Amino acid sequence: MTAPEAFVSHALTTRFEDLPDKTVAAAKTFIVDTFAVGIAGSGAPGVSAVRDAAKRMGGLNGSAKVWGRDTFATTPHAAAFANGFQIHCQEYDCVHEPAVVHPMATIFAALMAEADAKSGVSGKDLITAVAVAVDIAAGLGLAAKTPLKFFRPATAGVFGATLGVARLRGLSSEQALDAMGLALGQCSGTMQAHLEGTPALPVQIGNAARAAHLACDLAEAGLKGPHDSLEGPFGYLTLMEDAWDMAPVLSSLGTDWRIAQISHKPFPTGRAAQGGIVLIKQLLERGLNVEKLASLELTAPPLIHRLVGRRPKPHMPVAYARLCFAYLGARCLMSGDVGLDDFSQDRLEDPASSRLAENINVVDNGDSDPAAFTPQIAKATLVDGQTISVETHALYGSPADPMNVEAQHLKIRKCIEFGFGSAREDIAEGLISRIAELEREADVASLSQLAAGFKEA
C-alpha cells in the first residue's frame with residue numbers, strides 16, 4: 001500500500017469506536033481551544049482585509065459562518081479561508097512540536113466550514129474527522145528528517161484537511177486519492193512570510209483550508225488527480241523535504257493518535273518563544289526585575305534561534321513582533337506575562353520595551369535535532385555582575401507539562417473577550433460545556449453559530 005493509500009484508508013475507515021478515550025478527550029480539548037483562538041482572531045490587526053477578500057470570494061448568502069465579531073455567512077471555501085486566517089493570525093493555536101505543524105488551524109477551519117454547509121455532522125463525526133486528519137498532517141511533519149524549508153502547517157495541513165473533508169463527505173477511496181493529488185497542485189506555504197513577519201503567514205493557512213474544499217469539490221465532480229502525491233518524483237515530500245521516512249508513520253496509524261501529542265499555546269506568540277517566556281516568569285519569581293537586569297540570554301536549539309531569534313527593530317509589524325523573542329521577553333519582564341494586548345501599537349512603540357529588548361538575545365546551542373524545542377536555558381546577568389539561570393526540558397502546555405483545565409478555560413474566556421471586544425460568558429460557557437459533551441451533539445453546525453456570536457438555542 002502506498003503512503004497516500006494508507007492515509008486514505010485510515011481517514012475513511014476509522015470509526016469513532018476505534019478512538020481511545022484519551023484521543024477523544026484530546027480532540028475535544030483542542031476543538032474548543034481552536035474555536036476560542038479563531039474568535040480572538042476576529043479582533044486582530046489585518047483581519048478586516050482578509051474578511052473583505054472572503055466576502056468578495058464567497059459573497060454573503062452562504063451557509064458557513066465566520067466566527068467572532070461582525071460575523072457573516074458565506075460559502076464554505078470563503079469561510080474556511082477567513083477562519084483559518086483568524087485561527088493562526090495571533091500565533092495562539094495549538095502545535096505538534098515534533099512535527100513542527102500547527103494542525104488544527106487548517107484542519108478545523110476546513111472541517112467546520114464543511115459541517116456548516118452539509119448540516120447533520122454529528123459530534124462523533126467531527127471528533128473522528130479531526131483525529132484522522134491530525135494524524136495525516138502531523139504524520140507528514142514527523143516523517144521529515146531535515147529542517148523545514150516550506151511552511152509545514154499549510155503544506156502538510158492541506159493533506160490532513162483534504163482527507164478530513166473527504167471523510168465528512170463520504171467520498172470513495174478513489175475520489176479521496178484524487179483529492180489528495182488535487183491538493184498537491186494547490187500545496188504552498190513559504191517561510192519568507194515568517195522571516196519577514198508578515199500576515200501572509202496565516203493567509204497560507206487560510207488558503208490551505210480553502211484548497212482542501214476545492215480539492216474535494218473537484219474530485220467529487222469526477223476530476224482526476226495524481227495518486228502518487230506524497231513520494232512520487234514530484235510529490236509533496238520529494239519537493240518540500242530534503243529527507244524523510246514514512247515507514248514509522250504509516251506503521252503507527254491507528255495506534256499512535258497524534259491529536260493526543262499536541263501542545264497548547266499558553267501565550268499568543270510563536271511556540272518557539274514560549275519556553276523562554278516561562279523561564280523569564282521563573283526569573284521574576286526569583287527576584288529579578290528590570291532595574292536589576294543588565295542583559296538576558298536564552299540558549300536554545302537551532303529551531304528556536306531560527307524562528308524567534310530575530311532582532312527587534314523600530315516600527316515592528318505586529319506579525320514580526322510576535323516572533324521576536326527580544327520584544328516578547330521585554331514585555332514579560334515589564335508586566336510579568338505576555339498577552340493579546342501586548343501587540344497594540346502603543347506597546348510596540350513603547351520606548352522602554354525597545355530599550356530593554358536590545359539587551360535580550362537568543363543563542364543557538366548547536367543541537368543536531370532540527371525539530372528540537374528544548375532544552376532551553378535563560379541566564380540573566382545583573383548590573384552588579386551576578387548571574388541567575390533557569391532551564392526547562394519540557395515546554396509548558398505540552399503533554400509533558402500540560403495546562404490544567406482552569407488555565408485552559410481562562411485562555412478560552414480571554415480569547416472570546418478579545419474577539420468580541422467584551423466578555424461573552426454565554427458563548428464561553430456554551431462552547432466549554434457543549435464541547436465537553438461533544439459526542440452527544442447531533443449537528444455541530446450550531447457550534448459555529450455560537451462562535452459567530454449567536455446565543456445558544
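Predicted model: local features only at pLDDT ≥ 70, side-chain atom pairs only at ≥ 80, totals over all residues.
Aspartate 337 forms a salt bridge with lysine 281, and their closest N and O atoms are 3.6 Å apart. This pair ties together distant parts of the chain: lysine 281 belongs to helix α14 (residues 271–285), while aspartate 337 lies in the loop between α17 (325–335) and α18 (345–348), and 56 residues separate the two. Lysine 281 is also partly exposed, because its relative accessibility is 26%. Over the whole structure, 21 salt bridges turn up.

Another of these pairs brings glutamate 429 together with arginine 413, with 3.2 Å between the closest N and O atoms. Here, too, distant parts of the chain are linked: glutamate 429 is in helix α21 (residues 425–436) and arginine 413 in helix α20 (residues 405–420), 16 residues apart. Glutamate 429 counts as partly exposed at 36% relative accessibility, and arginine 413 gets that label at 28%.

What about a salt bridge with covered partners? Glutamate 114 and arginine 169 join through their side chains at 3.2 Å, N to O. This is again a link between distant parts of the chain, with glutamate 114 in helix α5 (residues 103–118) and arginine 169 in helix α8 (residues 157–169), 55 residues apart. Both glutamate 114 and arginine 169 are buried. They also belong to a network of salt bridges that takes in Asp217 and Glu220.

The largest nonpolar core holds 165 residues, and the members that touch the most others are Phe7, Phe35, Val130, Phe159, Tyr236, Phe325 and Leu431. Helix α6 (residues 123–143) is the top contributor to this core, giving 14 residues. Phenylalanine 7 shows what such a contact list looks like: beyond its neighbours within four places in sequence, it is in contact with Ile136, Leu140, Leu163, Met180, Leu230, Met246, Val249, Leu250 and Leu253.

Helix α4 (residues 76–88) is another covered piece, with 13 of its 13 residues buried. From first C-alpha to last, α4 reaches 18 Å, close to the 18 Å expected for its 13 residues at 1.5 Å a residue.

Beyond α4, in the loop between α4 and α5, sits valine 95. Valine 95 is buried, because its relative accessible area is 2%, and buried means under 20%. Isoleucine 259 is 164 residues away from valine 95 in sequence, but their C-alpha atoms are 9.7 Å apart in space. Leaving out residues up to four places away in sequence, valine 95 touches Val101, His102, Pro103, Ile262, Ser263, Lys265 and Arg271.

Cysteine 94 is buried as well, because its relative accessibility is 1%. How many disulfides does a search of the whole structure find? The count is 0. For cysteine 94, which is in no disulfide, the nearest cysteine sulfur is that of cysteine 415, 12 Å away. Cysteine 216 is likewise buried, with a relative accessible area of 0%. The closest cysteine sulfur to that of cysteine 216 is in cysteine 187, and at 15 Å it is too far for a bond, because a disulfide needs the two sulfur atoms within 2.5 Å.

Strand β3 (residues 293–300) runs antiparallel to β5, and 6 bridges join the two. Leucine 293 has leucine 382 in β5 as its bridge partner. With strand β6 (residues 387–392), β5 also pairs in the antiparallel sense, over 6 bridges, and glutamine 376 stands opposite threonine 392 in β6. β5 and β6 make up a hairpin with 4 residues between them, and in its turn glycine 385 has a positive phi of about 95 degrees.

Which residues form the covered face of β5, and which the uncovered one? Side chains in a regular strand alternate between the two faces of the sheet. In β5, Gln376, Ala378, Ala380 and Leu382 make up the covered face, whereas Ile377, Lys379 and Thr381 are on the uncovered one.

Methods. Residues numbered from 1 in each chain as written. Heavy atoms only, no water. Buried < 20%, exposed > 50% of the residue type's maximum accessible area, 1.4 Å probe, protein only. Pairing = 2+ DSSP bridges. Core = buried A, V, L, I, M, F, W, Y, C linked by side-chain atoms within 4.5 Å. Contact = heavy atoms within 4.5 Å. Expected span 1.5 Å × (residues − 1). Salt bridge = Lys/Arg side-chain N within 4 Å of Asp/Glu carboxyl O.
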